[in-house]
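I opened this notebook to record what I looked up in the structure shown below. The entries begin with the contact between chains and then turn to one chain.

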Amino acid sequence: MLSIKNLHASIGEKEILRGIDLEVKAGEVHAIMGPNGSGKSTLASVLAGREDYEVTAGSVQFLGKDLLELAPEERAAEGIFLAFQYPVEIPGVSTTNFLKSAVNEIRKYRGEDPMDAVQFLKMFKEKMAYVNIDQSLLSRALNEGFSGGEKKRNEIFQMAVLDPKLAILDETDSGLDIDALRIVAEGVNKLKGPDNATIVVTHYQRLLDYIVPDYVHVLYKGRIVKSGTKELALELEERGYDWIKSEVDQ
Amino acid sequence: MLTAELNNSLQEIAQNLGLESVQGKALQEFISKGFPTSKWEEWKYTSLKDFNGIARNWSPKANFTLSSSLDWADFVVQTSNGYVSWDKSRIQEGFALLSFEEFLQKCPQFESTWSKKNPLLEQNSLFDLNVALNPQHMVLWIKKDTEVTKAILHQYQVAASENASAVQARWLIYLEEGAKATFIEQQSSTGSGDILSNFVQEIFVEKGAQFTYLKEQDFQTGVSHVDHTFIYQAEGSQVDTFTFSLNASLIRNNLHFYIEGPQVVSNLNGLYVPGENQLMDSHTVVDHRMPHSESNELYKGVLMGNATGVFNGKIFVRQDAQKTNAFQSCRNVLASTRATMNTKPQLEIWADDVKCSHGTTTGQLNEEALFYMRSRGISLPAARTLLLLAFVQEVINKVEHTEMRELLTEKIVSKIQQSVDLSN
C-alpha cells in the first residue's frame, strides 16, 4: 500500500529526515516511536503533504501513485488521513459543515455524486457511535474551545467519516487522560480492517496497549534505526531510548 | 482646489441659484473648498483630488427603471438621480412621505429639533455640495407609536448618462416617540459611466423609538458613492445599522451617531468586500453626549484583488456621558497579497466612569487552518471560501430580515467565490 524509499526532507537548511525506508501493507498497524526531535511528526507531515517541508531525495508510492506529486487534498481523496497532534481551530465552521464539504469534494475527485442532507444525517449518526461523540459538539465551530480530549475524539470521528485507506495518527495520545485514550483507541480499532492500514506515531508505549501494532519502528536522527514487533515497544518502555541512541551513535 | 474651468461653471450655477440663497451660499462654500484630497486628515486614504478637474452634468434627470412590487416590504419608494417616486396608494396610516418644507408646516414641533441639531464634526465639502444641488429634500415621517410591520424599502438608484455626472440626493427620516420601523435601502446604479453619487440622510429618532436601518451598496464600476448618514437619538431609543458594501469603484460612508439622551442603544454593523480596483472607506463617529447609554460597533472586511479598505472609527465620550458602555471592533482579512487595509480607531474620553474598548485586526487566512482543511480533502479555493464565509457570516447573521439576509449571503458568497477562483 505504502512504500517509502530513502526519503529525505528538510525544513529551511535543516535536514530532518535522512533516508527513511518503510513498507506498509493493507491490514497492518505500524508504530513509529522515537525520542523527541527524531523526526516522527515530520514524517507524518510529509506524508500528508505539509508544504513547509521540502523533500530533497527519495520516493513515496501510495497504491501505485507517486504521493509526493499530489496536493494535500488529492492525497486525502486518494485515502490518506492524518490525525493531527494539535488539531486546528476553524472559527465559524461547524464539524458537520466542514465534513460535508470534505466528503463531497472527495466524492467529486472520485467522480461520484454528492451526498445529500439525508444521507449525511444517516452516515453521521452511524459514525458518531464509533467514538461516542455528542451531536452538540458537532454543531459547534470546529475545535474552537474544545478540550484536548474532545479535539482528539473529533479527529477520530472525522477519520470514521472519511474512511481512509491509510490513517496516520500523530501523537494522538498526547494530552489525553486514560479514559479518553481508551475511547480514542477503541474508535481506531473499530475502523481497522483487512483493506486499510494504520501508522501510529507516538513517544510512549501506553497507546500501544490499546492499539496493538504488528510492527514497531524506532526513529532516531531522521532514520529508522531499529524495527521489530510489539515486544520492541515494551522493551523501550522498560529501558528508555538511551541504549538505542548509544548503539547508533557508536 | 477646483480647476479654473470647473470653478467657472459652478460659479455660474451659484449665480443662477442666487448668491444669497441657502443653496447659493452652500455652493460657494463648496467651490472655495473643492473636493477633498489626501491632504485632508479625514480623506488621507480616499483622495478625490481627480474630481477637482472632471466636468460633470450637475443636474442629471431622473430615469426610473426599478420595479416596485415586492411582498416583503410594506411600502416601496424609489429615488432616481435624486428624484423621488412612490405609489401613493400604498401609503399607510402612520407614516408619510413629503417634502421638507411641507413637513415643517405639518410638524411644527420638529423645528426646534432641527434648529438645535449638532454641527457636523468633520469639515465636509460634499455636504455643502449636496445642500446646494439636491433636487428634492424628502422626508419620511413615521408617526407616534406607529409600528411598520414588515419594512419600508428605499431603492436608491443612480443612472449613468453620456457624460460624467454628479447626483445629489437628500433624505430625512423622522421617527416620533415610540415608533418602530425597519428601513431597507438598496443602493444601485444603471448604465456604465462616471457617476458621483452624493447622498445625505439625516435620521431623528425620538424617545423610545426603534429603528433598524439596512443599507446594501451594490453599484456598477464607474460609480463613486459618498454616503452621509447622521443619526440623532433621544432618550431610550435604539438604532441598529447594517452597512453592506458590495460593489462600486469607490464607496465612502460617513456614519455618525449623536447620542442625545440616556438609555440609548446604538448598534453599528458593517461588512465591506472590495475587490479588484475598488476602494471602500468607512468613517464612523459615535458621539456619547449623555450618560447611561451604550454603543456596539462591529465592522468586518474581506479585501480581494488590489482592493483598498479604510476604517476610521471615532468614539467620543463627553464629560456628561458617565456610565457609558462603548465597544468597537474592526476585523479584516486580506484575501490577496495585493490588497491594502488602513485602520484607525480613535477614542476620546472625557468622562471617568465609563467602559470602553476597541480592537482592530488585519490579517491573512490562517495557513495552518488551510492545511488542516486540505488534509481532509477540501481543495485550496474551497477551503479559502469556507474560511472567508465563516468570517463574514458573523455580520450577515445579525440581519433579522430573512429575504435580505438570504440575498446578501448569495451576493457575498458569489463575490468571494469569484475572487478566490481568480486567484488560483
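I first looked up the interface: 20 residues of chain A are in contact with 16 residues of chain B (contact: C-beta atoms, placed from the backbone, within 7 Å). On the side of chain A that touches chain B, α2 (72–78), α3 (95–109) and α6 (148–162) of chain A each supply at least two residues. By class, that side of chain A has 14 nonpolar, three polar and three charged residues (nonpolar: Ala, Val, Leu, Ile, Met, Phe, Trp, Tyr, Cys and Pro; charged: Asp, Glu, Lys and Arg; polar: the others, Gly among them).

I noted that this is a predicted model, in which local features need pLDDT of at least 70 and side-chain atom pairs count only at pLDDT 80 or more, while totals for chains, interfaces and linings use all residues. Residues are numbered from 1 along each chain as its sequence is written, and chains are lettered from A and ligands numbered from 1 in the order in which they are written.

I next looked up the burial of chain A: 43% of its 250 residues count as buried (20 or more other C-beta atoms within 10 Å of the residue's own, C-beta atoms being placed from the backbone).

I then turned to α6(A) and α7(A) (residues 178–191), which pack at about 5° with axes 10 Å apart (axes: lines fitted to C-alpha atoms over the stretch in contact; angles: 0 to 180 degrees between N-to-C directions). The two helices, α6(A) and α7(A), are therefore roughly parallel (angles under 35 degrees; helices: DSSP runs of H or I, at least four residues, numbered from the N terminus). I recorded eight nonpolar, two polar and two charged residues in the contact of α6(A) with α7(A).

Definitions and conventions
Two residues are in contact if their C-beta atoms, placed from the backbone, lie within 7 Å. A residue is buried if 20 or more other C-beta atoms lie within 10 Å of its own, exposed if 12 or fewer, and partly exposed in between; C-beta atoms are placed from the backbone. Angles under 35 degrees count as roughly parallel, over 145 as roughly antiparallel, 65 to 115 as roughly perpendicular and the rest as oblique.
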